[in-house]
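Here is a short report on how the parts of this structure meet. Look at the sequence and the model before reading on.

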Amino acid sequence: MHIKSMPKSITRVLAATAVGVFTAGISAPLFAETLTVYTAVEAEDLKKYAARFNEDHPDIKIKWVRDSTGIVTAKLLAEKNNPKADVVWGLAATSLMLLGEENMLQPYAPKGLDKLDPKFRDSKNPPSWTGMDAWVASICYNTVEGKKNGVPKPTSWKDLTKPAYKGHVIMPNPNSSGTGFLDVSSWLQLFGEEGGWKFMDALHENIARYTHSGSKPCKLAAAGEITVGVSFAFRGAKSKAKGAPLDIVIPTEGIGWDMEATSIIKGTKKLKAAQTLVDWSISEKANKMYNEGYAVIGIPSLAKPVKYFPKEVATKMIDNDFAWAAKNRKRILSEWQKRFDSKSDPK
Amino acid sequence: MTTAAAIPLPEIKPKLSGDDRIMRGFILLVGVWMVIAVLLPLYFMLSKSFEDNDGNFIGLLNYAEYFSTPALFYSIENSFFIAVVSTVITITLAFIYAYALTRSLMPFRGAFKVIAMIPLLAPSLLPAISFVYFFGNQGVIKGVLMGETIYGPIGIIMGEVFYTLPHALMILVTALSTADGRLYEAAISLRAGKIKTFFTVTLPGIKYGLISAIFVVFTLVITDFGIPKVIGGQFNVLATDIYKQVIGQQNFEMGAVVSVVLLIPAIAAFLVDRIVQRKQVALLTARAVPLEPKKSRGFDTAMGIYCATIAFVILAIIGMAIYASLVTFWPYNLTLGFTNYDFDVMDGGGWESFGNSLRMAAYTAVFGTAIIFTGAYMVEKTKGFALARGAIQFLCILPMAVPGMVLGLAYIFFFNHPDNPLGMIYGTMVILVVVTISHFYTVSHLTALTALKQMDPEFEAVSASLKVPFFRTFLRVTVPVCLPAILDISIYLFVNAMTTVSAVIFLYSSDTNLASVAALNMDDAGDVAPAAAMSVMIVLASATVRILHAILTRGLARRLQAWRKR
């Protein structure tokens, strides 16, 4: 606090601003090329992904910007007029479709595209995005709490509308969470428009509450805060591996799913390096790497069973009509809000 | 000082002097800063509320659509309900606490003050985790809620009170600690009772601080989305509506509409603030004698018990979070250990993000305090120039009304605009510091104003008549007199920079990962215990800085604040 004169304190502000800019500038590493990659992949996997990629391409450094799907998608859209990302590696395909509609994606046919399951690529030629692995809806059932509360283990979606489940089910709010929307759109596709809403009306009676995050219901089930959480299988398998008394249920009617996908952002100044990364992202090596956490991957012939993942996952995935879901999203969400969200009792 | 000021001088209105010109120059500088850091980004964001998805101007169509949704009215009702209840509880608790700290001689006042500031050190995730462990379905004392669920209004209000208590306390302590002992002596000699004295001397004296505190708490609660999101269940409030629009549906236009709706209470509060301010009289006149509380065993004991209770609750919440960070897998494997503190094997940039947070917080504290206190001084003490001062005053109050998420997005739109020459700071540490200063500008500004308003303008008048340049008065008199407030501001900025999430989550890059964001992402990924561990680390770091600050304050206080004693 030995400021002698006012102008000095102002000079300090300016000087430090300059220092800040400077230090941010010099932190660039010594790789031949650095790619800024936006992702929503689990953070603990990021180091592994980059390291495996660098085994084959040591000259390209990956700078990750990671957050949850909603935040990354919002950030990408907000940066639309001056994109900062070179590549998106590991974001929901539905989010990439949204970016595609805004004309933000650079179409590219990576090497080895023909080996990919046709479901796991944009149908256009060349495709705007290619898939990595699928994340599938499922029910997380806490066996300990189930026994305590007299709530039987469900086997189907319809089971959840039975009276025994009243107040014991949590699902994500589709207005806040992509997973929630995935569930709702899959029910409408499975049971038809009318049947789907009727199912949700009945389900609503049993729901304890809706959450904002898609992984939260399973997390709550893992912590015994609720008996049944409607979430996705990947999260369930992880919690189970940590010791949670969870059973992961794949409902017999079928399950909604989305995939993690990869794309080049239009306008990147490092197109070559970006293409190298996307080539690698659908390689056999990459697919085997995805398979360490995900049961369903882009090259199905390589898939091996994953610990704690139910085996029937691949066969139960519905024939998800992403185009239909995207086109009707707004209508479905406002209908859902009208039916269920405004019912949340005001105090 | 009292000798210098003892010469009675009438208020003089000097012509526009060199000093005035310099001060006006500074006012303009502050104005430019506010325009760049607050007004323009917000314009870029909020103007979207009048646009369709493709950026075409569509007038009020979005508003019409929004106001035709029935769910909206529940959100408005819920928001006001939560804000009013939380404000009443917080202000009551904080007022008694601040009163005890400043007007009683109970023991451990220093410790109580430090403990009450702890909630400020904690990311909003921390009380949420604690509340679930206390009151959730597996909670250790869930019976207390008598069957009510923590995931709803009860949880939100508890969280908001925990989070806003230090904010209110900071302003109220500043207001209560500056009092003219002569007024109380007069009250005693006039045989006014304790209660009468309270209503005729104490309350009017702190009116400005009290109203500021009420408005700060109300606005903080109504714009906060962290606590409703983490523990609010499906209880919809306006701030979570923005989250749904922006993050859930990438609908920036609707998000902007809700943000504009949220600005209304803040603008109303600003108007009230203006009216009250006009009537505020300087408390600490140059002839004032600092009030020294007298010993009163009954009163001191009662206050001590009250403060101890509040302090115990705060410590219990922190304690539960520490416990949560040590448990292997709640509630099924309660073995304790330190594995959750091994951040380098977990998400969010590991220990590096912790270092980034410390750097960011330090920059924010140093530059933020310099900018904010100087700005407040210029706004308060410059003569004339009313329009510019009023406009800047408004811009200083505005950030409080803006949810961090909206501010963060606004910064993307503005600073990442291809034509913006300031675009170079995008993606660097600088933008994180700038956004954090802006986000927490209002409370700091109000604290500075509260301290400045209690100083008699006679100090300046005397200086001016003695031909002392204003900056010398500023550095020799104003800064030392306001030093406690200045240090409070810097510590406030530091700890908030450590815990903030909502604005910076859109702005950090791979080199500038932050600990608070890491904690949130760990919790999101289901790693509750590591998230609690990172939160505990944030609290510890801020607490360490706070303790250093306390030692520093004490040293400085002895040198610079001796005049407060007789």
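Two residues are in contact if their C-beta atoms, placed from the backbone, lie within 7 Å. The model is predicted.

**Inside chain A**

Chain A is split into domain 1 (30–134 + 258–310) and domain 2 (136–257 + 320–341). Their C-alpha centres are 27 Å apart. Across the boundary, 15 residues of domain 1 of chain A contact 13 residues of domain 2 of chain A. On the domain 1 side, α3 (69–78) and α4 (93–101) of chain A each give two or more residues. The largest share, three residues, belongs to α4(A).

**Between the chains**

Chain B puts 63 residues into its contact with chain A, and chain A puts in 59 residues. Several elements of chain B give two or more residues to this side, including α4 (70–103), α14 (350–381) and α22 (515–524).

The table gives the residue classes for the two sides described.

| Side | Nonpolar | Polar | Charged |
|---|---|---|---|
| Domain 1 of chain A, touching domain 2 of chain A | 10 residues | four residues | one residue |

**The core**

Which residues touch the most other members of the largest nonpolar core? They are A:V87, B:L172 and B:L409, out of 285 residues in that core. Domain 1 and domain 2 of chain A each supply at least three residues to this core.

Take B:L409. Leaving aside neighbours within four places in sequence, B:L409 contacts A:A78 in chain A. Its contacts in chain B are B:M45, B:V246, B:F252 and B:F506.

Conventions
Residues are numbered from 1 along each chain as its sequence is written. Chains are lettered from A and ligands numbered from 1 in the order in which they are written. This is a predicted model: local features need pLDDT of at least 70, side-chain atom pairs count only at pLDDT 80 or more; totals for chains, interfaces and linings use all residues. Helices (H or I, at least four residues) and strands (E, at least two) are DSSP runs, numbered from the N terminus. Domain bounds come from an automatic or database domain assignment. Ala, Val, Leu, Ile, Met, Phe, Trp, Tyr, Cys and Pro count as nonpolar, Asp, Glu, Lys and Arg as charged, and the others, Gly among them, as polar. A nonpolar core is a set of buried Ala, Val, Leu, Ile, Met, Phe, Trp, Tyr and Cys residues joined through C-beta atoms within 7 Å. A residue is buried if 20 or more other C-beta atoms lie within 10 Å of its own, exposed if 12 or fewer, and partly exposed in between; C-beta atoms are placed from the backbone.
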